[in-house]
Structures are given as C-alpha cells and as structure tokens.
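Here is a short briefing to read beside your structure. Take a look at the model, then walk through the points below.

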Amino acid sequence: MISVLQRVREARVDVEGQTIGAIGAGLLVLVCAERGDTEAEADKLLAKLLKLRIFSDAAGKMNQSVQDIGGGLLLVSQFTLAADTTGGNRPSFTQAAAPDEGRRLYDYFVAQARKAHPDVATGQFAADMQVHLVNDGPVTIPLRVAPSAPAAHTNPNR
C-alpha cells in the first residue's frame, strides 16, 4: 500500500459542497491499495503511521506520534498514488488495485483505524473530493508498505 502523510493543523474533505470529514491537528493520510495488497499490508501501514514520530515534543523535536498528541486522522482514498509516469506524459494506473478490491481494502483500513484510534474521519471512496488542509511545518512523508512475500517452500525431508 502507498500513502502520503501530511502533518496538519486542520483538514477537511468536501463532496458536492458538503464537508464529509474533518479533523483538527493530526494527520491527513492519502492512501492507495495496489495490486497484490492484502489486509496484512493495511495493518502494517496503519501500525507504522500511528507510531511515526513526526510531531514536536516540548523541546521542539519530532518525537511524538499522532497517538501521543491525541491528534486526528483524516483518511482519504487516492488511487492516483499508484501512478506510473515512466511511459510518457499520461500516467498509467495499472498498479492500483481494481476498484472493488481497492474499496474493500480502504474500508478495512478505515475500520481498523477506528478500532485503534479515537479520532478518525474519512473521505468518500471514488468520489470527486475537495481536500482542504493547513499543512503544519510543512511535514509531508511518503510511506509505502510492500506486499508480503509468500512463505518460502521448505522440504522437511532435506
């Protein structure tokens, strides 16, 4: 899975002129499921972003996580993070998960985030969204969790 984390002072998502998700200080997370991703990658990504120490402590050092500061999470699906621009001027999105699978993994990711964190807001999958944010710092971090490799076959008779 691919994500882009933005440390924000506030952020919101509007669809058709209506705010559907908003947070104060915390993380705006743009997230994309790629072909081959499973719940395992979603779980790894969530664990990493919840513990990533990118908020300032009392000494002004990036030493606290979104959980440490009690910040919000605004989770926004964005398949364009899987763009491949190596073949010309028009991006290819063939690495993005198929829409049904992308929705399933996004919904799973949101459900797991809500179990693990008290302040979670979302965008709307496959909608035309307007994302508004006040980037804090600015701090913007790409984060990718690669699909798990299949277990190596071992022969117990060797």
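The largest pocket of this predicted model is lined by 23 residues, and Ser77, Gln78, Phe79, Phe125 and Ala126 lie nearest its centre. This is a predicted model, in which local features need pLDDT of at least 70 and side-chain atom pairs count only at pLDDT 80 or more, while totals for chains, interfaces and linings use all residues. Residues are numbered from 1 along each chain as its sequence is written, and side-chain values use heavy atoms, with hydrogens and water left out.

**The largest pocket**
- A pocket here is an open set of points on a 1 Å grid over the protein atoms alone, where a 1.4 Å probe fits, with protein on both sides within 12 Å along at least five of seven lines; lining residues have an atom within 4 Å of a point.
- Its volume, the space filled by probe spheres set on the points, is about 430 Å³.
- Strand S3 (26-32), strand S6 (72-77), helix H3 (99-116) and strand S8 (129-144) each give two or more residues to the lining; helices (H or I, at least four residues) and strands (E, at least two) are DSSP runs, numbered from the N terminus.
- H3 provides the largest share of the lining, 4 residues.
- The lining divides into 18 nonpolar, 4 polar and 1 charged residues; Ala, Val, Leu, Ile, Met, Phe, Trp, Tyr, Cys and Pro count as nonpolar, Asp, Glu, Lys and Arg as charged, and the others, Gly among them, as polar.

**Helix H1**
- The buried residues of H1 are Glu41, Ala42, Leu45, Leu46, Leu49 and Leu50; buried means under 20% relative accessible area, exposed over 50%, and partly exposed in between (1.4 Å probe, protein chains only).
- Seen down the axis of H1, these residues fall within an arc of 160 degrees, so they line one face of the helix; the arc is that of the directions from the helix axis to the C-beta atoms.
- They pack against strand S1 (2-15), S3, helix H2 (66-69), S6, H3 and S8, where contact means heavy atoms within 4.5 Å.

**Backbone points to check**
- Gly137 and Pro138 are joined by a cis peptide bond, with omega about -5 degrees, and Pro138 is found in S8.
- Ala126, in the loop between S7 and S8, has a positive phi near 65 degrees, in a residue other than glycine, and counts as exposed at 65% relative accessibility.
- Glu16 also has a positive phi, near 50 degrees, and is exposed, with a relative accessible area of 75%.
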